[in-house]
Amino acid sequence: MLNEKLTLIGAGNMGEALLKGWLDKKLFAPEQITAVETCSTRREAIQHTYRIAAEANVLTAIPKAQIILLAVKPQIMGQVLETIAPVIDNSHLIISIAAGVKIATLQAKLFSHNRIIRVMPNTPALIQSGISAICGAHNLPADDLTTARRIFEAVGQVVEVEEKQMDAVTALSGSGPAYVFLIIEALADAGVSVGLARPLALQLAVQTILGSTKLLIEKNQHPAVLRDMVTSPGGTTIAGLQALEEGGLRAALLAAVQAACKRSRELGQ
Ligand SMILES: NC(=O)c1ccc[n+]([C@@H]2O[C@H](COP(=O)([O-])OP(=O)(O)OC[C@H]3O[C@@H](n4cnc5c(N)ncnc54)[C@H](OP(=O)(O)O)[C@@H]3O)[C@@H](O)[C@H]2O)c1
């Protein structure tokens, strides 16, 4: 359990996923967390479900905590930073999960505060199976990075990256769940096209992705090795793989991640 208190600004989808993970893993007790949320119905629901304090006023919530986690949309981050800047001091560790908002931007608004960490989580955090990439400001105390690691390990894996890699991370693991959902949907369609009922096709597609991923993790081998193991000479799988290569699956995924990375860079300007 961490000793610090935490104020969560923005208890939306990702904010709630984090909150649930922390409480489930007992990283924080409910009394250590205050959520700031502008939407009153959401505020009441969060308070009721998680037994934490939930407030509308960010200015009164900041002095209650040593860790401030910013989980509002990037578009309103500027306004939130301007509001909180006068009450942030060196006792505060600031963690932002806002896509595309650079550490330099946070520092510019927070009077060059150096205890700042930027994180890119992804939606499987909702079921504590996420992966979060973290990077810290120049001169960040080492203890702060350890604290941030623990905060995000409550909802999955954590990797440390350089900030210049954040657009690439956003394009791969941040946007990645959507690519996987599309692939599953397409596989289910494919099953229907060869005569399976849709619910059965979807079940087969979902469990095949899940099982293959678990096998890959458990065997700890390169995916090509496992693929070769199920590809017998002149068999069905090699016929399917040939069609996938001819259809450009590999090239399409490369293009998808490159396009998302470019868009992330544009949004960060
Ligand atoms: N969801 C993801 O997959 C994902 C992945 C990586 C990073 N992120 C980042 O996580 C952040 C949050 O995303 P999300 O999907 O959780 O968004 P979300 O569901 O819209 O959550 C944001 C919450 O903050 C509230 N809010 C707005 N202004 C506020 C203020 N001034 N003070 C306190 N609360 C305020 C919003 O209330 P209203 O609805 O009333 O505005 C909303 O409940 C974003 O910056 C996003 O880039 C999300």
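Is Val-119 buried or exposed, and how many other C-beta atoms lie within 10 Å?

1. **Overall picture.** This is a predicted model. The protein has 269 residues, of which 32% count as buried. Its secondary structure comes to 12 helices and eight strands. The C-alpha trace spans about 70 × 40 × 30 Å along its principal axes. Among contacts with a separation of 6 or more, 66% are accounted for by residues 24 or more positions apart.

2. **Strand 6.** Start with residues 116-120. Five of the five residues in this strand are buried, so strand 6 is largely enclosed by the rest of the structure. In a regular strand, side chains alternate between the two faces of the sheet. Here Ile-116, Arg-118 and Met-120 point one way, while Ile-117 and Val-119 point the other way. All of these residues are buried.

3. **Strand 5 beside strand 6.** Strand 5 covers residues 93-96 and runs parallel to strand 6, joined to it by three bridges. Look for Ile-95, which stands opposite Ile-117 of strand 6. Helix 5 (residues 103-109) also belongs in this picture: strand 5, helix 5 and strand 6 make a right-handed β-α-β unit.

4. **Strand 7 beside strand 6.** Strand 7 covers residues 130-136. Its pairing with strand 6 is antiparallel, over four bridges. Arg-118 stands opposite Cys-135 of strand 7.

5. **Val-119.** Now the opening question. Val-119 lies in strand 6. Val-119 is buried, because 25 other C-beta atoms lie within 10 Å, and the cut-off for buried is 20 or more. Leaving aside residues up to four places away in sequence, Val-119 touches Ile-95, Ile-97, Ser-132, Ala-133, Ile-134, Ala-148 and Phe-152. For a sense of scale, take Leu-187. Val-119 and Leu-187 are 68 residues apart in sequence, and their C-alpha atoms are 32 Å apart in space.

6. **Helix 7 against helix 12.** Two packed helices are described by the angle between their axes and the distance between the axes. Helix 7 (residues 166-174) and helix 12 (residues 249-267) pack at about 130 degrees, with their axes 8 Å apart. The two helices are therefore oblique to each other. Helix 7 passes helix 12 in a right-handed crossing. From helix 7, the contact is made by Asp-167, Ala-168, Thr-170, Ala-171 and Leu-172. From helix 12, Val-257, Ala-260, Cys-261, Ser-264 and Arg-265 take part.

Terms used: Residues numbered from 1 in each chain as written. Predicted model: local features only at pLDDT ≥ 70, side-chain atom pairs only at ≥ 80, totals over all residues. Buried ≥ 20, exposed ≤ 12 C-beta atoms within 10 Å, placed from the backbone. Pairing = 2+ DSSP bridges. Right-handed = clockwise from strand over helix to strand, strands pointing away. Contact = placed C-beta atoms within 7 Å. Axes fitted to C-alpha atoms, helices over the stretch in contact; angles between N-to-C directions. Parallel < 35°, antiparallel > 145°, perpendicular 65-115°, else oblique. Left-handed = near helix turned anticlockwise from the far one by under 90°.
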